[in-house]
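Let's take a walk through this structure together. We'll begin at the ligand and then turn to a couple of loops.

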Amino acid sequence: MTTSLIEKDEIQLVYISERCISTDDAAINKIKLRAEPNNYRRNITGALLFTERYFLQYLEGEAAVVDALYASICRDKRHTNARVLLRAPIKQRDFSRWSLGVKKLLDNQENQDLIAVLNMIGQASKVTESQLDWFKLALK
Ligand SMILES: Cc1cc2nc3c(=O)[nH]c(=O)nc-3n(C[C@H](O)[C@H](O)[C@H](O)COP(=O)(O)O)c2cc1C
C-alpha cells in the first residue's frame with residue numbers, strides 16, 4: 001500500500017455498523033460492484049471490512065464528499081446502527097490505491113483476537129488509535 005499527497009482538505013472517516021440478516025455475502029459483493037466506480041468518480045478511496053455481524057469502513061476524500069457519501073450510506077437498509085468512530089483531517093491517505101477494498105474477516109482461529117476487538121468496538125462505539133492501526137494492517 002502506498003500513500004499519496006493531498007491537494008485539498010481531506011478527511012478520513014471510519015464507522016462501524018451492523019449487517020442486516022438479509023445482507024448476505026452476495027449482497028455485499030453487489031455493494032462493492034456499485035461502490036467502486038462511484039468512489040472512483042468522487043475521488044474517494046477506502047476499505048470495507050466485514051464479519052458475520054459488523055461492517056467497519058474507512059472512507060477518505062474531500063470532506064464534503066465523504067460526509068455526503070456517509071449520509072447516503074447511513075440511509076442504506078442493508079445495515080443498521082452506523083456510528084462514526086473517527087472523522088479526522090489527513091495529510092496522506094491510507095488506502096490511496098483502492099476505490100473500495102472489501103475483505104471478509106473469517107471467523108477462524110487466526111482472526112479470533114481481531115473479531116473480539118471488533119465486537120468490543122461494536123458494543124462500546126469507541127476505538128483507539130492502535131486498534132485502528134491493527135484493522136488497517138488486516139485490510140492491507
Ligand atoms: C456497508 C455499506 C457500505 C457502502 N459503501 C459504499 C461506498 O463506499 N460507496 C458507494 O458509492 N456506496 C456505498 N454503499 C452503498 C450506498 O449506501 C448507496 O446504495 C449507493 O451509494 C447508491 O449508489 P447509486 O447512486 O449508484 O445507486 C455502501 C452500502 C453499505 C450497506
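A residue counts as near a molecule or strand if its C-beta atom, placed from the backbone, lies within 6 Å of it. What you're looking at is a predicted model, where local features need pLDDT of at least 70, side-chain atom pairs count only at pLDDT 80 or more, and totals for chains, interfaces and linings use all residues. Residues are numbered from 1 along each chain as its sequence is written.

So who sits around the ligand? There are 16 residues surrounding the ligand, and the closest are A35, N38, F55, D76 and R78. The biggest contributor to the shell is α1, with five residues. At least two shell residues each come from α1, β2, β3 (54–62) and α2 (63–74).

Now for the loops. Most residues other than glycine have a negative phi. N43, though not a glycine, has a positive phi of about 55 degrees. You'll find N43 in the loop between α1 (25–41) and β2 (45–50). S125 isn't a glycine either, and its phi is positive at about 55 degrees; look for S125 in the loop between α3 (112–124) and α4 (129–139).

Are these two buried or exposed? A residue is buried with 20 or more other C-beta atoms within 10 Å of its own, exposed with 12 or fewer, and partly exposed in between, with C-beta atoms placed from the backbone. N43 is partly exposed because 15 other C-beta atoms lie within 10 Å, while S125 is exposed because it has 12.

Definitions and conventions: Helix = DSSP H or I, 4+ residues; strand = E, 2+ residues; numbered from the N terminus.
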